[in-house]
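User: Could you walk me through this model, starting with the terms you will rely on?
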Amino acid sequence: MTSLTLVRRIKAPPDIVFEAVTTAEGIAHWWGPDAGPVLLAKSDPRVGGCYRLRFRMLPGTEHECSGEFLVIDPPRRVVMSWRWTGGVEDPGESQVEIILRAIGDGTELTFTHSRLHDESTRRSHEEGWAGSLGKLEAYLAGRAPT
Amino acid sequence: MTCRNATAIPCEDADKLTTRSVWLILSLMENRQKNLDRTFAALGDPTRRAILSNLARHASASVSELAEPFAIKLPAVMKHLGVLDEAGLITRSKSGRVVTVRLRPGPMRDAMAWLRRHELFWSARLDRLTAYAERKELEARGQKE
């Protein structure tokens, strides 16, 4: 099983970042696609509580991801299960862990997506999804200093 | 635990996909998946990674050359080479008594591309999370003043 870790330094204190990570309003702002509307965002940030996000991609396909909060330790750590639903078929479940650490001018965020498995491979090949990743790639390539 | 079985909202676009095309997509992914699993499993061992980086430096090497830097016996090295071969990461060719090992970069490229896709996916989202949290912080400061 594979995992992916990314680190970001954010100029905001951990409690603000924690809210952005766990509340429906926050999730709707960053978890969805970069284009296309977010149709539904729900979040119940407590252990055993669920979150759900439904959005439309530009080609018109609708997608939904959801999961359960497994660990909630404000404003330091949140672990949640993560899966795609409402697509071709229910694919496997993976896990997202976000650790926040207060640093000089804000927060260091460590993001780990672990237990990555078939769902991602499957999704990345799905119609629409592949295209949107391509767009993402183009978007990032345009910005990245190469 | 109820939400583990949360009902999926039917997706209109997904309904348009025929059973056959769904089957094709899934079987393609199933095969891809097995390959990726094998690649990552093969890469998950320090001795095997050392063998691969050795092969990356030299175009090819014999089994005994590859075994030289390690404090393990030849059969153990052979076993590692078997795993790498199974994963398609190396090829072995025999000429007389010498087995020559070469690197096959294809599967590793696939694995890297797969990881890269995930990285791109989440990087864009974390960039937006960063922007959003920083905006919230500015708003909070503005209110305090």
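Analyst: For helix packing, axes are lines fitted to C-alpha atoms, for helices over the stretch in contact, and angles run from 0 to 180 degrees between N-to-C directions. Helices (H or I, at least four residues) and strands (E, at least two) are DSSP runs, numbered from the N terminus. This is a predicted model, in which local features need pLDDT of at least 70, side-chain atom pairs count only at pLDDT 80 or more, and totals for chains, interfaces and linings use all residues. Residues are numbered from 1 along each chain as its sequence is written, with chains lettered from A and ligands numbered from 1 in the order in which they are written.

User: OK, at what angle do helix 3 and helix 5 of chain B pack?
Analyst: Helix 3 (residues 46-57) and helix 5 (residues 74-86) of chain B pack at about 75°, their axes being 10 Å apart. That makes helix 3 of chain B roughly perpendicular to helix 5 of chain B, a label given to angles of 65 to 115 degrees, whereas those under 35 count as roughly parallel, those over 145 as roughly antiparallel and the rest as oblique.

User: Which residues make the contact?
Analyst: Helix 3 of chain B contributes Thr47(B), Arg48(B) and Ile51(B), and helix 5 of chain B contributes His80(B), Val83(B) and Leu84(B), where contact requires C-beta atoms, placed from the backbone, within 7 Å.

User: Which residues of helix 3 of chain B are buried?
Analyst: Arg48(B), Ile51(B), Leu52(B) and Leu55(B) are buried in helix 3 of chain B (20 or more other C-beta atoms within 10 Å of its own; exposed means 12 or fewer, partly exposed in between, with C-beta atoms placed from the backbone). Seen down the axis of helix 3 of chain B, these buried residues fall within an arc of 95°, so they line one face of the helix; the arc is that of the directions from the helix axis to the C-beta atoms. The face turned away from that buried side carries the exposed residues Pro46(B), Ser53(B), Ala56(B) and Arg57(B).

User: Zooming out, how many helices and strands are in chain B?
Analyst: Chain B has six helices and three strands, which follow the pattern α-α-α-β-α-α-β-β-α along the sequence. Of the 145 residues in chain B, 20% are buried.

User: And in chain A, which peptide bond is cis?
Analyst: The bond from Pro74(A) to Pro75(A) is cis, with omega near -5°, and Pro75(A) lies in the loop between strand 4 (62-73) and strand 5 (77-85) of chain A.

Conventions: Contact = placed C-beta atoms within 7 Å.
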